[in-house]
Amino acid sequence: MLPSKVVRSKAGRSLPLLLAALIFAGCTGQAPQTPPANVQGAATGTSDYYLQQMQQSSDDNKVGWQLLAIRALLNEGKLPQANQQLSQLPQQLDATQSQEQLLLQAQLHIIEQNFPAAAERLKQVDVASLSKDQQARYYQLQIAIGQGRPTLDVLRAYIAQEPLLANPAEKQANIDATWQALSQMTQDQLNNVTINANENVLQGWLDLLGVYKANSNDPDMLKAGISDWQNRYPYNPAAKTLPTALSQVKNFQQGSTGKIALLLPLSGQAQVFASAIQQGFNDAKNGTLMQSSAPAAPVQAPEAATTADAAATDANAVVSPSAAPTDGTAQPDAAQPQPVASSGVETAAPSGSTQVQVYDTSTQPVDQLLTQAQNDGATLVVGPLLKNQVEQVVASPTALNVLALNEPETIQNRPNICYFALSPEDEARDAAHHMWDQGKRSPLLLVPRSSLGDRVNKAFAAEWQQLGGGTVLQQQFGSTAELKQGINSGAGIRLSGTPVNVQPAQPQGVTIAGLNIPAPVSDAPAADAASAGGSVDSVYIIATQSELTLIKPMIAMRVSSRDNVSLYASSRSNQAGAGPDYRLELDGLQFSDVPLLSGTNNALMQQAAKKFNNDYSLVRLYAMGIDAWSLANHFSEMRQLPGFQLKGNTGNLSATQDCVINRKLAWSQYRQGQIVPAS
């Protein structure tokens with residue numbers, strides 16, 4: 001126990017300190033002091049922290065903390081609280097606070113998808129008075145107002161933002177986004193660009209795009225062109241840090257196509273699919289393709305029976321059947337006809353040096369065939385064709401480069417695999433783009449009551465939402481007998497439907513310079529159904545030729561020509577035998593198909609039609625085989641070089657980041673008894 005005088009001594013020393021503290025607190029007021037709020041700087045704290053500082057601050061400092069709290073609330077997605085705090089700001093703000101208020105109001109409007117209001121707020125901002133951090137946020141807001149559309153204003157905003165960013169990762173993200181916006185601009189947009197005298201950076205970017213477009217199919221020339229561009233524009237930010245997409249060019253390595261393993265089902269039910277593909281592949285390899293001197297009008301062939309349509313409902317099917325040799329060996333070279341001038345379609349040059357060995361996937365498991373092909377010296381695999389076998393390849397550990405001729409249910413980005421398929425889903429996605437580009441915004445899908453209809457619905461609706469569209473309506477129809485009953489009863493087809501249930505991908509936002517901007521979310525209509533008198537402005541029809549001749553007049557029964565509803569159809573309805581009466585009956589309807597069936601090469605079309613007895617579905621597979629040869633010879637480019645494109649017989653081909661080959665199809669229209677290119 002301590003002596004009592006020691007205790008008294010400590011208490012005596014503590015008392016003056018306590019009194020001093022109380023006196024000091026009384027002199028400085030009741031609230032503790034907070035540091036000044038820098039509204040022009042980065043807001044790195046949480047909203048709770050800023051709100052606490054606001055509550056503890058004097059009136060002079062309170063507004064600054066409130067503005068920082070609003071910014072944090074917006075970045076945290078707490079919109080009601082942010083809106084409440086914005087409404088509680090004092091009426092009288094100084095110049096710095098007013099500018100920050102405008103930025104915050106614009107950010108809130110963007111999150112709420114009110115882009116005109118956001119643009120109006122930004123017009124009131126004095127950019128010169130902003131700090132560098134605020135200017136970076138200002139340009140990010142300008143970019144967000146563009147809603148992902150590549151425009152000159154968005155491009156200029158990216159360019160203005162780049163020097164304001166200090167973080168290397170943010171700089172790289174800016175450069176990548178600048179290149180993406182630039183490369184997605186249409187040729188019309190690029191042709192109409194007016195460059196100011198002081199826009200040297202913009203001029204450099206445009207020249208870089210020119211270099212890329214001129215050399216995109218020649219990796220060596222592209223490397224040299226980029227290096228030359230860097231020497232000519234040493235101060236351009238992209239010269240110091242190339243866009244990620246172009247930096248991959250520096251590391252490009254050409255793969256070998258000395259020996260190709262062609263994996264196809266050469267026996268069993270799927271044999272009929274394989275033969276047409278194999279013949280197209282061999283004809284392209286051997287140089288036996290007839291070429292037209294100029295593009296021709298879409299071919300109108302005489303009537304012939306087709307056997308393909310039922311195949312589309314099979315998840316493993318591609319398009320149509322044919323017959324095939326089954327010896328399992330490479331086919332010998334055929335006699336080469338005399339070609340004429342090119343039709344504009346890019347087909348890889350014939351090769352006498354490339355060996356092609358064919359393996360029958362109907363006789364052995366795919367993993368065993370892959371091992372056998374590798375032991376036989378193959379450097380590239382083309383195939384397999386059936387979806388379940390493609391999934392087996394994806395799950396295998398093979399190191400061989402593979403151009404699969406179908407897509408698995410779930411795409412996996414494998415560095416040695418690309419996916420090339422002719423499928424109803426592929427065609428539906430292209431239809432979504434075509435209709436969107438023609439200004440349609442409220443489509444109805446008219447599809448058969450089957451798994452085919454379900455697949456088309458989901459593919460179209462998912463792509464439509466990716467483009468920025470809202471809810472897609474769908475209506476299903478039954479058998480031809482049901483359609484005939486409907487037309488005899490005068491019921492017609494009312495343009496209404498139920499929404500396609502598509503789980504949209506979670507939108508990804510962007511955070512740059514401390515500003516969080518979510519990805520645009522489309523405004524989906526709340527109604528469960530729509531009618532021709534409401535919002536439907538277009539119909540995409542998946543039907544056979546006989547079904548379509550019933551569906552179109554049934555639509556006309558319920559829809560007036562004044563409603564201006566546009567009709568579109570897939571290649572399912574484009575079969576041989578479309579005579580003058582049929583073409584007149586379908587007047588105005590647009591339909592898609594592979595370019596080979598749309599007049600890009602009339603001589604080759606006639607050659608293929610004769611070979612397959614005018615079976616259009618087999619001609620499509622033949623065209624697929626031709627394009628498979630070209631893609632195999634450009635495998636390294638489409639796997640490693642971004643923006644790969646090739647004009648093929650099955651469409652204008654391009655590769656996604658996952659190396660899925662997309663096809664932009666040819667669109668034609670029935671007009672006054674003729675088939676003409678769709679405008």
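Two strands are taken to pair if DSSP finds at least two bridges between them. In this predicted model, β14 and strand β15 (residues 652-655) meet that condition, pairing in the antiparallel sense over three bridges. Within this pair, Leu 646 stands opposite Leu 653 in β15.

The two strands belong to an open sheet of three strands, ordered β14-β15-β16 and with antiparallel pairing. The edges of the sheet are formed by β14 (645-647) and β16 (661-664); each has a single partner strand, so one side of each is left without a neighbour in the sheet. From one strand to the next, the twist averages 25°.

A separate part of the chain contains helix α23 (residues 602-611), in which Leu 604, Met 605, Gln 607, Ala 608 and Ala 609 are buried. An α-helix has 3.6 residues a turn, so residues three or four places apart point the same way. After α23 comes Asn 613, which has a positive phi, near 55°.

Ile 411 was also examined. This residue is located in the loop that runs between β4 (401-404) and β5 (417-419). Its relative accessibility is 29%, and Ile 411 therefore counts as partly exposed, the range for that class lying between 20% and 50%. When neighbours within four places in sequence are left aside, the contacts of Ile 411 are with Tyr 419, Asp 658 and Val 660. Glu 391 lies 20 residues from Ile 411 along the chain, and the C-alpha atoms of the two are separated by 9.2 Å.

Technical notes:
Residues are numbered from 1 along each chain as its sequence is written. This is a predicted model: local features need pLDDT of at least 70, side-chain atom pairs count only at pLDDT 80 or more; totals for chains, interfaces and linings use all residues. Side-chain values use heavy atoms; hydrogens and water are left out. Helices (H or I, at least four residues) and strands (E, at least two) are DSSP runs, numbered from the N terminus. Buried means under 20% relative accessible area, exposed over 50%, partly exposed in between (1.4 Å probe, protein chains only). Contact means heavy atoms within 4.5 Å. Axes are lines fitted to C-alpha atoms, for helices over the stretch in contact, and angles run from 0 to 180 degrees between N-to-C directions.
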